Amino acid sequence: MKRPVFEIWFKTAGARLIIAAAALLFYLPPLPIVFTGFITPASAAQDTGAEYEVSGKIMDIFDETRIYKAVVSFDDEQFLTGASGHFSAKLKPGVYKFSVTCEGYYPRVINNFAVESNEEYDQYIIPQSFDLEIYKKFNAYSGLLPKFANPPQIIIGTGKYNGSKNSFSSEQIDSINSVISQLKSISDFFSRSTVVKRDIESAKDIPEDAIVICRDDFANYTEGGHAEHHGWKRSHLIVVNPLHNRLKGFFEVVLRHELMHAIGFYIHVPPETDSILVPTFPIPPDYTALDRKVIKLFYRMPSKVSYPHATDGK
Ligand SMILES: [Zn+2]
């Protein structure tokens with residue numbers, strides 16, 4: 001009984017094999033043509049030899065000196081800057097490890113530098129004469145609270161904040177303007193801020209992305225002023241009470257100190273630090289050389305920077 005069945009199956013299977021082989025032979029010649037047509041454009045797209053030019057300047061972060069003979073690397077390819085601090089690299093599209101090294105400067109590394117078009121890319125580096133341990137005291141790398149992503153509008157409140165007895169006098173408004181101008185002269189970032197006067201009477205009048213300076217005669221702060229972060233608006237409010245301390249020049253000292261808080265330095269530095277951000281008297285009468293460097297450094301480095309200068313992206 002089983003044998004005939006086996007034979008039938010065998011014959012049928014054998015017949016299938018022959019038909020399949022014949023079919024394969026029949027269809028085989030066109031197959032390479034089909035695949036050739038598919039492979040050729042794909043491999044051409046992968047290797048067109050397209051290159052982009054990434055060029056820029058390498059500069060000292062504090063005084064904008066163009067740095068000569070800095071080594072700019074994209075993975076293993078190295079380029080030297082010329083006398084004008086300029087480099088130019090021709091690169092295939094892709095993601096590179098970008099680094100800048102130069103004698104006397106801390107190295108700067110960007111782990112994922114995407115090259116996808118021609119690009120001008122300037123980069124600041126920090127001289128080793130600057131003590132990064134002191135910079136840490138300003139807590140600028142902590143990332144607890146953000147710095148401004150774009151230059152904020154700076155608003156001088158002309159109203160009576162929180163029912164204050166008085167508004168700023170014209171002399172005080174002149175002082176505020178001169179302190180803002182000073183900050184603008186220190187920082188190319190804040191030099192792009194616009195300055196306006198507006199009636200601000202309560203916190204609800206504070207707009208987004210702004211630094212708002214108001215007078216409140218009822219506020220009693222040991223600093224003579226106070227800075228508070230309005231996180232969801234990405235804004236900072238500075239409240240000043242000119243009646244708190246009438247020492248000549250103190251009004252401007254308070255403003256400089258509070259402005260430092262408002263632009264992102266939220267904590268006080270140890271009293272022995274040469275900075276307007278010390279918590280106690282004597283407070284320096286002006287921004288110190290250290291303050292000026294710290295402001296430049298903070299706004300010329302990416303916000304998510306690991307200590308000291310490696311970032312994941314541009
Ligand atoms: Zn303070």
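**Figure 1. Overview of the predicted chain.** The model is predicted, not experimental. Its chain holds 6 helices and 14 strands. Of the 314 residues in the chain, 27% are buried. Among contacts with a separation of 6 or more, 62% are between residues 24 or more positions apart.

**Figure 2. The cis peptide bond between F281 and P282.** The bond that joins F281 to P282 is cis, with omega at about -5°. P282 belongs to the loop that runs between α5 (250-262) and α6 (289-300).

**Figure 3. E64 in the loop between β1 and β2.** The loop shown lies between β1 (52-60) and β2 (71-74). E64 is not a glycine, yet its phi is positive, near 60°. E64 has 14 C-beta neighbours inside 10 Å and therefore counts as partly exposed. The limits behind this are 20 or more other C-beta atoms for a buried residue and 12 or fewer for an exposed one, so a count in between gives partly exposed.

**Figure 4. K69 in the loop between β1 and β2.** K69 is found in the loop that connects β1 and β2. Phi of K69 is positive, near 60°, in a residue other than glycine. K69 is exposed because 12 other C-beta atoms lie within 10 Å.

Key: Residues numbered from 1 in each chain as written. Predicted model: local features only at pLDDT ≥ 70, side-chain atom pairs only at ≥ 80, totals over all residues. Helix = DSSP H or I, 4+ residues; strand = E, 2+ residues; numbered from the N terminus. Contact = placed C-beta atoms within 7 Å.
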